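Here's a quick tour of a protein model, sorted by topic. Have the viewer open and follow along.

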Amino acid sequence: MSDEEAATFISPRKKNPHGKPVGSSQKMMIINCYKQLKSENDQIKYRDLMKRISDTLGIGLNKVQTTVSEYNQTKTLTSPNRKRNRPGVVDKIDDFDKNAIRRKVHSFWHNKELPTLAKVLTAINEDNTLPNMKETSLRKVLKSLNFKFTKRQRNSILTERRDLLSWRRKYLISIRRFREEGRPIYYLDETWLNTGDCVSKVWVDTTVTSSRMAFLEGLSTGPQNPSGKGTRLIVVHIGSAAGFVSGGLLCFQSKKNSSDYHDEMTGQTFQEWFEEILPLLEDNAVIVLDNAPYHSVKKEKTPTTNWKKAEMVEWLVSKGEEIDPSQLTKNDLLDIVQRLKPRYSAYIIDEIAKDAGKTVLRLPPYHCELNPIELVWSMVKSYVKSNNTTYKTIDVKHLLHQAIDRVKPEDWQSFIRHVKDEEQKFWDVDFICDEMIDELQPDPRHILTIGESTDSSDDECT
């Protein structure tokens, strides 16, 4: 290329890479170009105008159109959201593993050892059934499980938060009292099944190397593998020492593409099912369940700090309170709300059960090992996985019904005995914990929550 040609050479027009977000500065260029071209030729067709802007700036036609439309409607431009909502370490670990981690901590108390972060981390990473973790991740998980990092003179130990301990103690006392009274106790829970679920390992003949060889020798090529997870089925049931409640099964197909099956259930769906199964239970029954959001829909919303002052006043007046907004701050109103809140914070299903002569008993958070139906679900899922060969929804549903029918009252009774043993362990460990902490001459000035410290020397569990 000659010097004259080089001087007149123009490099090819660059386009915005496909999939790359269009920033606010590029959006402003689109609007400026739109205004300029519009002022030069007011008669130009909209489609031609959009295409000309796209060709000039190298930005996709769809993005140009949406940007201009956004500006014409709002007279503002928004920046793209570059932050991805990625699940954290706490979200990636399921409830079963969380409960196993909790039991690891409690095992130290049972053995009269102090559970430090280093000891718990070693115990978890040496267990092949649990995910391998780093110290920072373990701190977050333990905090989500309501553990505290408590500084006791030269010893740093892990204890559970007082509110969780109180909840668990109340639950254990209540369940014991209900059993002594001879009341029938039912256990309720939800689970899920993927139509692509199957056993992970099977015996395969490695000498069969092709379909032709299998055909000629009268053999098979091995099992057919699922193409993916398949359709998800949400399953709800309830049972007792007498077995599953006949007619209590709810099974429906998932419609959401979510990693958490709890997202599929709504308070209304659960309430409708709950009202249908109540007449199937014995009189004076106790229903044990967890604290899933759809179990915990309040009968009435009560004011929070997010409410406007006028809304708080209106709510308090509706409850018969005499309020003078000019004399009370928002904080004063919240104090009055806290006083009234216990009267109006009842859960809908608790009230429905109460009207039917039954009692709802809620498990403390992350204590699914106290619900025997979790062991029942493990038995049911194992059967479905072992017999699932077609990966079709209708066949998996049929297997689910078969698996539920295979669970006998004797299985339920065995699982309930196991849960009673777990309850006793929790009962004992609280007293062991008190005894050991008292021996360490506790200093109430040094109580820390995981992740916090009074100085740099407290960052590590020693």
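Leaving aside neighbours within four places in sequence, Val376 is in contact with Phe244, Val407, Trp412 and Phe415, where contact means heavy atoms within 4.5 Å. Keep in mind that this is a predicted model, in which local features need pLDDT of at least 70 and side-chain atom pairs count only at pLDDT 80 or more, while totals for chains, interfaces and linings use all residues. Residues are numbered from 1 along each chain as its sequence is written, and side-chain values use heavy atoms, with hydrogens and water left out.

**The chain overall**

- The secondary structure comes to 17 helices and 9 strands; these are DSSP runs numbered from the N terminus, with helices being H or I of at least four residues and strands being E of at least two.
- Of the 462 residues in the chain, 40% are buried. Buried means under 20% relative accessible area, exposed means over 50%, and partly exposed is in between, using a 1.4 Å probe and protein chains only.
- Take the contacts between residues at least 6 apart in sequence: 71% of them join residues at least 24 apart.

**Nonpolar cores**

- The largest nonpolar core has 32 residues, and those with the most contacts inside it are Tyr171, Phe244, Val288, Val376 and Val380. A nonpolar core here is a set of buried Ala, Val, Leu, Ile, Met, Phe, Trp, Tyr and Cys residues joined through side-chain atoms within 4.5 Å.
- Elements giving two or more residues to this core are helices H9 (162–180), H15 (373–387), H16 (393–406) and H17 (409–439), plus strands E3 (185–194), E4 (232–240) and E7 (286–289).
- H15 gives the most to this core, with 6 residues.
- There's also a second, separate core of 24 residues, which includes Ile93, Ile101, Leu138 and Ile432.

**H15 against H16**

- H15 and H16 pack with their axes 9 Å apart, at an angle of about 135 degrees. Axes are lines fitted to C-alpha atoms, for helices over the stretch in contact, and angles run from 0 to 180 degrees between N-to-C directions.
- That makes H15 oblique to H16. On this scale, angles under 35 degrees count as roughly parallel, over 145 as roughly antiparallel, 65 to 115 as roughly perpendicular and the rest as oblique.
- On the H15 side you'll find Met379, Val380, Tyr383, Val384 and Asn387, which meet Val396, Leu399, Leu400, Gln402, Ala403, Ile404 and Arg406 in H16.
- By class, this contact of H15 with H16 has 9 nonpolar, 2 polar and 1 charged residues. Ala, Val, Leu, Ile, Met, Phe, Trp, Tyr, Cys and Pro count as nonpolar, Asp, Glu, Lys and Arg as charged, and the others, Gly among them, as polar.

- The axes of H6 (residues 95–110) and H7 (residues 117–125) come within 10 Å and cross at roughly 125 degrees, which makes H6 oblique to H7.
- Ile101, Lys104, Val105 and Phe108 of H6 make this contact with Lys119, Val120, Ala123 and Ile124 of H7.
- The class count for H6 with H7 is 6 nonpolar, no polar and 2 charged residues.
- H7 also packs with H8 (residues 135–144), at about 100 degrees and with axes 10 Å apart, so H7 and H8 are roughly perpendicular to each other.
- Here Leu117, Val120, Leu121 and Ile124 in H7 meet Glu135, Leu138, Arg139 and Leu142 in H8.

- Asn284 has a phi near 60 degrees, a positive value in a residue other than glycine. Asn284 lies in the loop between helix H11 (267–277) and E7, and is partly exposed, with a relative accessible area of 41%.
- Tyr366 isn't a glycine either, yet has a positive phi of about 60 degrees. Tyr366 lies in the loop between strand E8 (359–362) and H15, and counts as partly exposed at 29% relative accessibility.

- Val64 is found in helix H4 (residues 61–74) and counts as buried at 0% relative accessibility. Not counting residues up to four places away in sequence, Val64 touches Ile30, Met50, Ile53, Ser54 and Ile59.
- Ser382 lies in H15 and counts as partly exposed, at 41% relative accessibility. Ser382 and Asp197 are 185 residues apart in sequence, with their C-alpha atoms 9.7 Å apart in space.
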